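Trainee: I'd like a close look at the side-chain contacts in this one. Please walk me through the aromatic and charged pairs in one go.

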Amino acid sequence: MITPKFSCSQTDDSLITSIYCPSVRAADVEINVDDTVLIVHINPYFLRLNFPYPVEEDDNSSAQYDPSSGYLTITLTKSVKGQHFPDLDLLATLLAPRPSRPHTRPSIEVLDPSTDDAITDISKRADALSLDDEFAQAAKNGWQLPQALPDPASGFHTSSKRYYGFLDAFTGYFAHVNHTENEINELGDDAEACNAEERRARRIAHENEKWNEEHYMADYTEDEYIQELINWHDPDLTSTAEVVLTEDENMAILRLPRKEYIMNTFQERNLYLTLNYPYRTTLNDPTTESAWTICNLIAAFSALDPPPYSPGELTGGVVLDFTDAELTSTLVSTYRRSLAFPLYRSFQLAERCRTDVAATLRRGKRLITRYLLRVKDILDHHDVYYIYSKIWVEDFCVWIQGGASDVVLTRIGEKLDALKVPKSAVGWDLEELEEATRLAVNRDSDSDDESIE
């Protein structure tokens with residue numbers, strides 16, 4: 001079945017869905033409306049949309065097919081007149097499966113059966129379990145059984161496999177990495193064997209190895225082009241107009257997988273922290289080196305080492321709020337990489353990229369979706385680095401539309417904008433190097449003046 005191109009709009013009383021399905025017979029169209037779900041089938045097209053609020057078919061509803069344009073227009077009545085349906089332009093949200101009931105922690109725990117009390121406790125819990133209740137709930141919920149992820153703090157592993165990527169859902173993608181030209185992989189042949197602690201240790205060691213004081217001091221002195229990069233203004237960030245996704249972007253969204261993500265608060269916090277990529281050095285114009293640059297600057301790609309880089313804590317009782325220490329540790333990783341790998345290495349440029357990320361987050365998930373789709377397109381067209389699109393970017397493109405909150409994104413953006421990252425946090429004596437560079441330049445300048453006299 002083919003997912004057709006479509007768009008949705010609304011009036012105070014109605015919801016209008018326009019579907020492009022050329023060269024079909026109107027008599028073959030099958031339309032089904034069930035609460036918040038609209039299902040349309042007309043061979044070879046199939047579309048299943050899940051709206052935020054209920055709709056219904058009544059005397060004011062209609063379906064009209066225009067053979068000349070190829071568009072089928074379906075008008076449904078809102079169950080609550082005047083209710084606003086948000087995010088109708090975020091197609092991945094509408095295509096997502098109907099959410100199941102709120103997920104809870106697993107009801108089965110692994111206990112230590114070393115005592116009689118433990119065995120008795122297990123027996124009592126087993127007697128309390130009943131599949132009848134689960135099946136009754138499933139029947140009420142469209143036969144979508146509840147699911148939950150285990151506590152990430154658990155150190156117990158039942159497999160030798162190591163997982164990584166979005167929600168640690170991937171494994172095996174680097175089994176034959178030594179047979180590819182993957183220049184940014186910092187884990188070598190052990191990518192499938194390293195645990196999280198080993199990845200972080202190797203990543204930090206590799207950054208220290210690549211750090212070059214002379215390169216940094218040279219760019220600190222001769223920074224003419226770096227200043228051009230710093231002074232460039234991204235039109236998407238300076239514009240005050242509402243972000244509207246283009247037709248090409250919407251078509252790219254339609255090609256994304258349909259997924260519903262089950263995650264706990266710890267995992268959700270980490271996803272927000274991972275949304276941090278500086279793109280300023282290309283001035284929004286990708287080059288042949290863009291894929292290499294993207295993957296090198298993001299530790300979650302090159303070392304499979306995503307945030308958090310410091311212990312998190314709840315701030316003021318708000319679950320999805322972040323401390324300055326959490327945000328600083330996340331930025332420091334990117335700062336270090338921006339000072340160790342690219343052609344232009346400048347702390348001032350890294351700071352400018354921080355304000356870019358802050359502004360992007362404040363503008364909301366539509367602009368973030370646009371940037372993620374650009375990164376996905378760049379990586380998808382690379383012979384080697386497409387793998388990072390598969391294990392990270394593709395799922396981010398889906399989650400950011402339906403799972404992320406504009407309120408949380410704005411709050412993080414405001415904190416990033418006000419954040420001060422000290423140079424000492426990077427760990428490479430930047431202030432001493434800059435002072436030594438200034439003294440050397442002044443000394444050379446004085447020598448030139450004496451020679452002229």
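Mentor: Let's start with Phe-396, which is buried, with a relative accessible area of 5% (buried is under 20%, exposed over 50%, partly exposed in between, with a 1.4 Å probe and protein chains only). A word on the ground rules: this is a predicted model, where local features need pLDDT of at least 70 and side-chain atom pairs count only at pLDDT 80 or more, while totals for chains, interfaces and linings use all residues. Residues are numbered from 1 along each chain as its sequence is written, and side-chain values use heavy atoms, with hydrogens and water left out.

Now the rings. Phe, Tyr and Trp (six-membered ring) pair if their centres lie within 6.5 Å, and planes under 30 degrees apart are stacked, over 60 edge-to-face, the rest tilted. That gives 16 aromatic pairs. One of them is edge-to-face: Tyr-335 with Phe-347, at 5.4 Å between centres and 75° between planes. Tyr-335 belongs to helix H12 (residues 324-340) and Phe-347 to helix H13 (residues 347-363), so this contact ties together parts that are twelve residues apart in sequence. For the helix labels, helices are DSSP runs (H or I, at least four residues), numbered from the N terminus. Tyr-335 is buried at 2% relative accessibility, and Phe-347 is buried too, at 6%.

Back to Phe-396, then: its ring and that of Trp-392 form a stacked pair, 6.1 Å centre to centre with 20° between the planes. Trp-392 and Phe-396 are four residues apart in helix H15 (residues 386-402), about one helical turn. Trp-392 is buried as well, with a relative accessible area of 3%.

On to the charges. A salt bridge puts a side-chain nitrogen of Lys or Arg within 4 Å of a carboxyl oxygen of Asp or Glu, and the count by that rule is 25. With Arg-336 it forms a salt bridge whose closest N and O atoms are 2.7 Å apart. Glu-207 lies in helix H4 and Arg-336 in helix H12, so this bridge ties together parts that are 129 residues apart in sequence. Glu-207 and Arg-336 are buried. Glu-207 also meets the side chain of Arg-337 in a salt bridge, at 2.9 Å from N to O. That pair again links distant parts of the chain, helix H4 for Glu-207 and helix H12 for Arg-337, 130 residues apart. Arg-337 is buried, as is Glu-207.

Finally, look at Asp-236 and Arg-374, a salt bridge with its closest N and O atoms 3.4 Å apart. Asp-236 sits in helix H7 (residues 235-238) and Arg-374 in helix H14 (residues 365-380), so the pair ties together parts that are 138 residues apart in sequence. Asp-236 is buried at 17%, whereas Arg-374 is partly exposed at 33%.

Note on methods
Helices (H or I, at least four residues) and strands (E, at least two) are DSSP runs, numbered from the N terminus.
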